[in-house]
Amino acid sequence: MKNTHTILHIVLYLLLCSITLGKKNKDDIKNKSYPPCKACKVVVESFDKGMERTNRGKFEGGDAAWEEDKLGSYKTSEMRLIEIQEGLCKEVDHGQNQCYSLIGDWEHFIEEWWFKHQKDSNLFTFLCVESTQNCCPDNHYGKDCQKCPGYPDNICNNNGKCKGAGTRLGNGKCNCDKGYSGEYCFECADGFYQSYKDEKKLLCSPCHRACKGACKGGGAKECHECNPGWREIEGQGCYDIDECVEKDDSCPKNHFCVNNEGNFSCLACDRACDGCSGDGPDMCDKCAEGFNKKGNLCVNTDILGRKSTENWARYVTYLGLTVATCIILQRNVYAAGVIGLFVAIYISVSEYMIAHGNISDTTPSLDIVDKHS
C-alpha cells in the first residue's frame, strides 16, 4: 500500500511539473521579442488576416446601391476597422505581447492609413517603411535604405542574397549561394567549375567527387588534384583506389571489405562464420563455434533436430485441433461443421505458406543443406 502511495505521489508530481513547464514555455513564446522590422511585419500580417476575416459585404442580400448610398461602404468603414482591431494579435503565438504593445503605440498610424492612404499605399509600406522606418523596401538595406548590388533585377548576379535586404540593418554585401564566390557572386567557388557564363549570367556546377579543390570540368579527368582514396593516372585522371585489394588489414576481425568510390566499408560476417570474404554462410573462411561445414555452407549443428522438433510440434497441433472438432461433433453437428471448416482452412493455408512462402530463418533451410551435401 505504501509503495502504491509513493508511485501515485511521483505521478502527480511529474504531471504538475509538466503543466508548469508547459505554461512557462507558452509564456516564453508569447514574451519573445523580434527585431524591429520583423515585429512590424508580424503586426501587418495580423492586420491582413483581419482584412481577410472581414472581407464580406456587411449588408449582404439587400439592395447594394441603396446600401452604398445610405449606409456607406463597409469595406472602408470605421466599423470594419474596429472589428479588425479587436482581433489583432490574437492568432500570434511568437511575440504576442510585443504585438499587443506595438498596435497600441501605432494605433494612430493604422487609423491614418485606413482613412487617408488605403487606396494609394499598402499597410506595410506606409507603416513599416515610411511611418515607423523599421524596414526598407525590397532589395534595399541599411538605415538610409540604400539599393542592393545589382538592383533591381540582378541582385548579387542572382547567385546570392544582399545582407540586410528589406531591413534597416546589414551592410548590403552579397552572401553567395553554394558554389559561388567573389564580391558580387560572379565567380565559381572551390570545388565548382564554370559550366556557363555570359555578361549577365554565371552557372557553376560541382566538380567530380574525385577532385580535391578546383577542376576544369565535371569528370574525374578534369581534376587539378585527386582526393584521398583516388590516385592520378596519366591520361585517365583520378582513378579509384581499391583498398580491399591493396590492403589486407583494411577491416577488423570477422568483417569483410566492400570497396566504394573514394573509400571502403567494413561489414560484419555472417554469424556462422569465423572470418569471411563476403556476406552469407557460404563465404566463410571457417565456421564459427556451433556451426559445421555442410558442402560449402556453415550450418548450425542443431538445425536438423530443431527442424524435426518444429515439424512434430506442428503436426501435434493439427491433431489436437482435429480431436477437438470430433469431440464437439458429438454435441453439436452444426458447430462442429463450422469449426471443422476453419480447422481445414487453417491447416491448408499453414502448409501452403510453409511450402511456398519466402520465410527466412536465422539458419539455412533443409532444402539448401541437402543441395550442398
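Modeller: Here's a walk through some of those charged pairs, one after another.

First, the ground rules: this is a predicted model, where local features need pLDDT of at least 70 and side-chain atom pairs count only at pLDDT 80 or more, while totals for chains, interfaces and linings use all residues. Residues are numbered from 1 along each chain as its sequence is written, and side-chain values use heavy atoms, leaving out hydrogens and water.

Searching the whole structure turns up six salt bridges (a side-chain nitrogen of Lys or Arg within 4 Å of a carboxyl oxygen of Asp or Glu).

Let's begin with Glu225 and Lys212, whose closest N and O atoms are 3.9 Å apart. Glu225 and Lys212 are both found in the loop between strand S8 (202-206) and strand S9 (230-233), 13 residues apart. (Strands, E, are DSSP runs of at least two residues and helices, H or I, of at least four, numbered from the N terminus.) Glu225 has 43% relative accessibility, so it counts as partly exposed; Lys212, at 42%, is partly exposed too. (With a 1.4 Å probe and protein chains only, buried is under 20%, exposed is over 50%, and partly exposed is in between.)

Next comes Arg231, which bridges to Glu246 with the closest N and O atoms 3.2 Å apart. This pair links distant parts of the chain: Arg231 belongs to strand S9, whereas Glu246 is in helix H8 (residues 243-246), 15 residues apart. Arg231 is partly exposed at 39% relative accessible area, and Glu246 is partly exposed at 49%.

Further along, Lys286 makes a salt bridge with Asp274, and here the closest N and O atoms are 3.8 Å apart. Both Lys286 and Asp274 sit in the loop between S12 and strand S13 (291-294), so their contact ties together parts that are 12 residues apart in sequence. Asp274 is partly exposed, with a relative accessible area of 25%.

Strand S12 (residues 263-268) pairs with strand S11 (residues 255-260) in the antiparallel sense, over six bridges (DSSP must find at least two for strands to pair). S11 and S12 make a hairpin with two residues between them, and Gly262 in the turn has a positive phi of about 85°.
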